[in-house]
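Work through the exercises below with the sequence and the coordinates side by side. Each task is followed by a solution that goes step by step.

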Amino acid sequence: MIKLVATDLDGTLLRSDLSFNKRDIMMLEELGRKGVVRVIATGRSPYSASTVLDDNFPIDFLVFSSGAGVMRWSDKSIIHTNELSEKVVNQVVRVLLELNVDFMIHEPIPLNHCFHFHKTGNPNADFDNRISLYKAFSQPFAVGLPYPGPASQILSVLPNNIALFNRIAKQLGPNVQVIRATSPLDGESIWMEIFPLGVSKSNGLAWLCENECGILQTEVLAIGNDYNDLDMLKWAGMAFVVDNAPDELKSNFNTAPTNNHAGFSFAVNESSKP
């Protein structure tokens, strides 16, 4: 019944030491031989994904930047994109400046690993760490001047305070898509990902199923571990979270072993049972 398997990357398929379980790789190869479409749905940009996925990694598609784009993996062609208009970018920037939070404005796809950043000066080690990791691709944002074009997304790095996240999201209004993710760097900070309205992993997968694969929603298995996977998990015909997911997610979905113990393979096997 399962014709497409979509898995998150960090914390789900990718182990904590940034390697892959051999059992999971063998499972991906077996799915390919059976004609099952293999998709990684990640918050990473294509550049960031390429630092852990080699050119011959056994997948068919990459749904990247939380659904802002879709790439065909065999030839690395980008077949679907979304972006924030210049007007919306500057509207969001005004709100974030007024709220005095740190943020990054990412260039349009495919250069969305490049960004302008604004630092408030308040302590924010996770934000500083991300700037350090992408030092070659980042530059300060010029406060007082309008941002001069569209963007793929805006990212604000917040303390682990869901009330603050919800307050900011409310002030951003209904014209953008706000996605919550746990920082893959410190595992604690909240990353507020601000996208064009409608961007999500589930919508990226829905576009792929309809336009490239001819696969029904009920024929999709999704596997994840964090809040930015929630829409994908709810949308798929069958869904699992790995055991390192927050308890809030584990209480609502089937649970597989952790990302370090081949949870991906377990979920695929379980979905094949009558």
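This is a predicted model: local features need pLDDT of at least 70, side-chain atom pairs count only at pLDDT 80 or more; totals for chains, interfaces and linings use all residues.

**Exercise 1.** Determine how many disulfides the structure holds, and account for the state of Cys 209.

*Solution.* A search of the whole structure finds zero disulfides. For Cys 209, the closest cysteine sulfur belongs to Cys 213 and is 5.9 Å away, which is too far for a bond because a disulfide needs sulfur atoms within 2.5 Å. As to accessibility, Cys 209 is buried, with a relative accessible area of 4%, whereas Cys 213, at 22%, counts as partly exposed.

**Exercise 2.** Describe the largest nonpolar core and the surroundings of Phe 57.

*Solution.* Start with the core, which has 34 residues, those with the most contacts inside it being Val 5, Leu 53, Phe 57 and Phe 264. The elements giving two or more residues to this core include α1 (22-33), β12 (220-224) and α9 (263-271), and the largest share, four residues, comes from α1. Then turn to Phe 57, which, leaving aside neighbours within four places in sequence, is in contact with Leu 13, Phe 20, Ile 25, Leu 28, Ile 40 and Trp 73.

Key: Residues are numbered from 1 along each chain as its sequence is written. Side-chain values use heavy atoms; hydrogens and water are left out. A nonpolar core is a set of buried Ala, Val, Leu, Ile, Met, Phe, Trp, Tyr and Cys residues joined through side-chain atoms within 4.5 Å. Buried means under 20% relative accessible area, exposed over 50%, partly exposed in between (1.4 Å probe, protein chains only). Contact means heavy atoms within 4.5 Å.
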